[in-house]
Amino acid sequence: MNKITRRQAMGTAAGALAALGIAGATAHAAGTDSRAATTPSGTVDEVYQGRRIRITPASASGGHHGGHHGGGHHGLPTVRIDGRELHVMRNADGTWISVVNHYETFADPLSLARAAVRELQGATLAPFSPTGGTA
C-alpha cells in the first residue's frame with residue numbers, strides 16, 4: 001500500500017476546501033434571490049426567497065406605541081413579512097432577536113427578517129401577542 005506524503009495530503013485538503021467554498025457560495029447565491037430597495041426614509045422593501053420583507057424605521061412607523069396599532073414598539077422598527085408583523089426585540093449589546101429566532105442573535109433587522117423567512121419555510125407568520133393569545 002502506498003503512503004501519502006504530507007504535501008499530497010495538504011494539496012488534497014486545499015482542493016477540497018476550495019470546492020466546498022465555491023459550492024457554498026453558489027448555493028447561497030441561488031437561495032437568496034433578494035431584490036432590496038431602501039427608500040429615502042430608510043424603509044427597506046425587498047423580496048427574499050419569494051417573501052416580501054418590509055422594514056419601516058421607528059421614526060417613520062408611528063412612534064412609541066405602534067406595532068399592533070400602526071408601527072414601532074418603543075422606538076423599534078416595524079418588520080413585516082408578507083404584510084404580517086414580525087415582533088422584534090433589541091438586546092442590550094445591540095443585536096436583534098425575534099419571536100421566530102428567539103435564541104439566535106442578528107446584527108440588524110434585515111438579517112433577522114431574512115433568517116425568519118428561512119425558518120418559516122413557506123409557513124405564514126402567525127400573529128403575536130405578548131400575553132399569549134393571538135392578535
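1. Accessible areas come from the Shrake-Rupley method with a 1.4 Å probe, and for residues only the protein chains shown count as cover. By this method the accessible surface of the chain comes to about 8600 Å², and 57% of that surface belongs to carbon and sulfur atoms.

2. The model is a predicted one, in which local features need pLDDT of at least 70 and side-chain atom pairs count only at pLDDT 80 or more, while totals for chains, interfaces and linings use all residues. Residues are numbered from 1 along each chain as its sequence is written, and side-chain values use heavy atoms, with hydrogens and water left out.

3. The chain holds 2 helices and 7 strands, where helices (H or I, at least four residues) and strands (E, at least two) are DSSP runs numbered from the N terminus. Along the sequence, these elements follow the pattern α-β-β-β-β-β-β-β-α.

4. Of the 135 residues of the chain, 32% count as buried, a term that means under 20% relative accessible area, with exposed being over 50% and partly exposed in between (1.4 Å probe, protein chains only). Among contacts (heavy atoms within 4.5 Å) in the chain with a separation of 6 or more, 31% are accounted for by residues 24 or more positions apart.

5. Most residues other than glycine have a negative phi. Gln49, in the loop between β2 (44-48) and β3 (51-56), has a positive phi of about 50 degrees although it is not a glycine, and Gln49 is partly exposed, with a relative accessible area of 33%.

6. Gln121, which lies in the segment after α2 (109-120), also has a positive phi, near 50 degrees. Gln121 is exposed, with a relative accessible area of 70%.
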